[in-house]
Amino acid sequence: MWAYIFRRVLYNIPVYLGIVLLVMALLRVNDPVYAYLGKNPTEEQIAQLRTDMGLDAPFLVQYVDFLGDIVTLSFDDRSWDQKRPVQDMIFDAIPPTMAITIPQLVITALLSIAAGLISAFYRGRWLDRGLVFAMVLGMSVSYLVYIILGQFFGAFWLSEKLGFELFAIEGYQAGVTNWFHYCALPVAIGVIVAMGYDTRFYRAVMVEESGKDYITTAVSKGVGKRRIMFVHMLKNAMIPIITRIMITLPFIITGSILLEMYFGIPGMGRTLINAVNSNDFPVIQAFAALFAAFFIVSLILTDVCYALVDPRVRLS
Amino acid sequence: MILAALTSLAFVPSQASAEETVLQLPIRTDGPKSLDPVQGSTTYDNMACVQMYETLLVNQYADPFKIEPLLLAEMPTTQDEGKTWRFRLKPGVKFHDNPCFEGGVGRNVTTDDVFYSIKRVVDKNNGLKNVWLLENTILGFDEYAEKQNASERFDYDAPVAGFRKINGLEFEIELTKPVYRFLYILSMFQTSIVPREAVEYYGKDFSFNAVGTGPFMLRDPSDWVPKRSLTVYRNPDYHEVFYPARDQWSREDMRNRLHRAAGQQVPFADRIEFTMFVEDQPMWLQFRAGNIGYVEVPAEYFEEAFDKRTKELRPEFERQGIRAHSNELLDFIFRAFNMLDPVVGGYTPDKIALRKAMAYAVDLQEISDVFYNNTVIVYDGPIPPQLDGHPEGHRVEGAPRGPDLDKARELLAEAGYPNGEGLPPIKFFANRGGNTPEQTELMKRQLARIGVQLDPQLVDFSTLIEATNNRKAPMFSFAWSSDYPDGENNLALFYSPNKAPGSNHSNYERPEFDRLYEKILTMGPSPERTAIYEQMRDMVIDDVPYIGSLARERFYLINPWLVNCKPTERYWGWFKYLDVDESKRP
């Protein structure tokens with residue numbers, strides 16, 4: 001297995017270098033210097049700023065410099081916009097993002113797998129139809145609408161009715177005791193939106209499994225419904241489930257831009273969109289490099305997980 | 001029981017002790033980018049910096065168009081009609097206690113701090129964002145900046161011909177010529193006084209470790225969470241600054257009981273907690289929930305709070321004790337032409353006729369109705385309302401203001417393009433943020449009525465600036481907010497030495513205008529100066545280097561628990577005057 005992992009890592013190095021190259025090249029289509037100038041700049045001041053930003057060096061030199069940062073895992077260049085070391089910004093932004101994304105991922109996965117199983121098992125009956133209707137409805141409404149309505153009714157309106165602020169309208173404070181107040185509502189909104197897509201997917205997987213011979217055999221042997229669903233079917237449907245979950249893993253780090261913007265959560269999504277809006281190349285590059293690395297690692301881990309859950313899969 | 005459990009989980013933000021006065025205030029958008037005054041340029045940098053740092057002069061709270069001494073004992077004096085200014089610092093003004101000082105105790109502000117802080121503005125290591133403030137102003141200063149920036153190390157101890165130290169508290173500054181705006185510059189946050197020890201102690205991290213003389217201070221760098229929040233604490237050693245006297249307030253201000261703290265030492269708050277709001281809904285809901293003291297009313301909530309026709313506050317808000325306040329901003333929002341462009345630029349009668357035709361076709365009032373709830377002022381000329389040189393009734397006779405489609409078509413034919421025939425599509429550069437794409441679409445439709453085709457180029461801000469700085473944009477959308485309340489600041493946008501990449505992005509050039517501009521630089525307010533402003537305004541109107549103008553009116557709502565509040569955007573040092581009436585908290 002280790003040889004397989006090593007080989008996959010090796011194969012992915014050129015892909016990774018290509019991604020970084022592409023991101024850096026695309027960023028430099030526009031000249032960011034003009035966004036950072038004061039009033040009445042002279043040509044000398046523009047040139048000075050370009051030098052300060054490191055943009056006067058040839059592209060290849062900038063590329064190699066950045067690869068050096070990646071290899072040494074030290075994104076210590078300062079953000080052009082905030083003047084802080086990029087790595088500090090990333091380290092500060094990851095915990096708030098994970099306070100939202102991890103519970104969201106776990107709750108969504110558990111609920112949508114269960115809903116998918118139930119829906120598939122009762123295929124064509126009222127329970128299935130009701131669940132499918134709810135999921136399609138959930139998917140049909142924009143994420144932004146959920147956020148706006150959720151914030152208004154879940155936080156503001158509810159606070160007025162209760163006389164105390166159960167869920168914060170916006171804001172974030174670290175710590176377990178603050179989690180419910182600041183994070184529960186955004187997590188709930190995230191779960192509602194994600195469940196539609198996930199449940200439909202898991203239902204399709206389960207429907208395919210439920211038509212297989214081993215299920216017919218289990219039913220004919222008199223195995224209980226619950227056991228068929230949660231032991232036989234679930235175990236055999238693990239490959240697509242793992243694939244789906246693993247693909248979403250990198251997003252644990254990136255977070256949700258909309259949720260973070262509306263709920264004032266100082267996470268990675270908000271950091272990234274701020275960086276994009278202000279042409280803050282050091283932050284965007286570091287973010288892209290990090291995300292690409294996580295994505296590649298999660299793909300490799302997906303293969304490893306296949307082998308762990310399905311003895312027929314061999315990593316060679 | 002479940003409710004009780006949930007209640008225990010609910011967290012009440014910023015629990016203050018009974019004796020503490022805590023203000024919760026909003027910063028719209030993502031807040032400051034730096035707490036180092038010389039690196040700042042935006043309103044939000046200003047808003048944050050002035051809580052910790054102070055300038056020699058400052059705007060008055062009761063009348064923000066006037067300036068008064070802050071770190072000075074009295075207004076500067078001059079014996080040679082504004083060429084040389086003599087300053088006397090207020091004795092005993094201390095910097096915040098900080099580890100950068102010996103024993104961690106802040107020392108008194110001296111003349112050397114003033115010279116050091118002004119020199120920092122032109123040090124290339126600080127980004128040179130604010131050099132324009134002091135260019136061509138202080139005797140020998142441009143030469144000093146050039147020499148130091150060319151050398152290996154910027155020498156702050158090297159002399160400047162125009163700086164003359166008299167003693168630790170008194171000094172003179174000699175200018176190259178009398179420059180009237182100089183006193184305004186000394187009230188701008190970029191010229192705040194900083195201690196050299198702090199800059200050298202913190203190095204690159206100085207922008208996170210504000211050490212000034214201001215009414216509030218940081219206790220720890222983590223008090224500022226960029227893009228999220230900023231918490232500042234009362235400076236226990238703040239020098240003597242008093243709430244404006246009763247006679248400074250207008251009758252209307254007195255009706256709003258703004259005078260009741262007259263003569264009291266400030267600040268009143270022990271702590272201010274600023275929250276940055278990138279989206280408007282959370283800010284609005286936090287205000288409605290009573291969690292923040294005041295709010296700048298976002299356009300989409302305007303009709304919820306005000307009657308659109310009368311602009312009166314709705315009764316349900318009044319019943320809650322919420323107070324409304326509005327300010328006309330010193331805005332110059334315009335659509336500029338590049339005067340060097342071969343199609344729309346130039347000064348020949350046909351070129352002027354073309355630009356005038358377009359100006360007559362554009363209906364700015366419709367733009368105001370659709371996008372600004374009819375709250376903007378449409379006016380002629382580049383000088384915003386409330387300033388000398390602004391036309392009476394906002395109108396100048398003969399100024400090309402639309403919609404007058406017959407006149408527009410007539411002028412278009414005069415320009416050689418009857419019904420737009422033969423006129424190529426005109427590239428119009430605009431920032432793609434906010435509702436600019438929709439505004440551009442409306443303008444495109446308005447111009448299409450006379451046969452002029454607009455080709456919108458919706459780009460990010462950086463590309464917009466690049467296109468205008470490189471003189472490649474034939475037409476573009478721009479807005480200018482006056483740095484100080486003097487029409488000279490707006491007329492500078494048409495002074496030819498400021499051509500792109502300077503602030504004269506239309507690349508307007510008229511020798512007579514330049515001559516008059518150089519003349520007004522040295523003049524203080526007077527009927528003679530106002531007459532010249534009007535003459536210059538009319539020159540610009542005649543040549544039509546832009547279509548405009550618009551100035552926004554800003555509407556604020558103030559929660560009943562926030563007292564002494566009269567929001568202004570002229571300066572941001574007024575938070576020290578705010579107080580809290582805890583009995584009115586929700």
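Student: How many salt bridges does a search of the whole structure find?

Tutor: Over all chains, the search finds 50 salt bridges. This is a predicted model, where local features need pLDDT of at least 70 and side-chain atom pairs count only at pLDDT 80 or more, while totals for chains, interfaces and linings use all residues. Side-chain values use heavy atoms, without hydrogens and water.

Student: Why is the contact of B:Glu74 and B:Arg88 called a salt bridge?

Tutor: A salt bridge needs a side-chain nitrogen of Lys or Arg within 4 Å of a carboxyl oxygen of Asp or Glu. Here the N to O distance is 3.1 Å, so the pair qualifies. B:Glu74 sits in the loop between β3 (67-69) and β4 (77-78) of chain B and B:Arg88 in strand β5 (residues 84-88), so parts 14 residues apart in sequence are tied together.

Student: What makes B:Glu74 count as partly exposed?

Tutor: Buried means under 20% relative accessible area, exposed over 50%, and partly exposed in between (1.4 Å probe, protein chains only). B:Glu74 has 34%, so it counts as partly exposed.

Student: And how do you know whether B:Arg554 is buried or exposed?

Tutor: Its relative accessible area is 15%, so B:Arg554 is buried. B:Glu296 is buried as well, at 14% relative accessibility. Their side chains meet in a salt bridge at 3.3 Å, N to O, and the two residues are 258 residues apart.

Student: What makes B:Lys311 and B:Glu553 a salt bridge?

Tutor: Their N to O distance is 3.9 Å, so this pair also meets the definition. The pair ties together parts that are 242 residues apart in sequence.

Definitions and conventions. Residues are numbered from 1 along each chain as its sequence is written. Chains are lettered from A and ligands numbered from 1 in the order in which they are written. Helices (H or I, at least four residues) and strands (E, at least two) are DSSP runs, numbered from the N terminus.
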